[in-house]
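Please have a look at it first.

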Amino acid sequence: MHAEEDAVLKLKPNMSGKRVGINMIVIRITKTNVLQTSKPCAQCVRKMRIIPEKKGYKIENIYYSNGAETLVKTRLSNLEREEKHYSRCMRERNQN
C-alpha cells in the first residue's frame, strides 16, 4: 500500500455536510536524508479522487518531492491530465 492510499483511507468521515478542502504532502527520503521522487502513481491518483470525496473531502493541493531536492505543488486535476506514472510493482504486474 502506498502512503497516499493509506492516508486517504485513514480520513475520518466529515459529517458537516460541506465538502472540506485538504492538502496532501508526499515525500520520500533516503536513509542518508536525500529527497527522492515521490510523484503519486496512476493508481494513487485515482484513489485520491474517489476515496476523499466519499468521505466528504476534496484534495486541493498535492505536494511531492521530485528528486531534484525540491517540492512540486500541483492539483489533482493536473496529475490526472499528465502522463501517468506507474509504480515499479504495477509495471512488473502488467508485464506478467
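This is a predicted model: local features need pLDDT of at least 70, side-chain atom pairs count only at pLDDT 80 or more; totals for chains, interfaces and linings use all residues.

Residues are numbered from 1 along each chain as its sequence is written, and side-chain values use heavy atoms, with hydrogens and water left out.

A nonpolar core here is a set of buried Ala, Val, Leu, Ile, Met, Phe, Trp, Tyr and Cys residues joined through side-chain atoms within 4.5 Å, where buried means under 20% relative accessible area, exposed over 50%, and partly exposed in between, with a 1.4 Å probe and protein chains only. The largest such core has 13 residues, of which Val-8, Met-24, Met-48, Ile-59 and Ile-62 touch the most other members. Two or more residues each come from E1, H2, strand E4 (57-65) and helix H3 (76-81), with E4 giving the most, 4 residues; helices (H or I, at least four residues) and strands (E, at least two) are DSSP runs, numbered from the N terminus.

Ser-38 sits in the loop between strand E3 (35-36) and helix H2 (42-54), and it counts as buried because its relative accessibility is 6%. Beyond neighbours within four places in sequence, its contacts (heavy atoms within 4.5 Å) are Glu-4, Val-26, Ile-27, Arg-28, Tyr-64 and Ser-65.

Finally, Ile-25, in strand E1 (residues 20-26), is exposed, with a relative accessible area of 59%.
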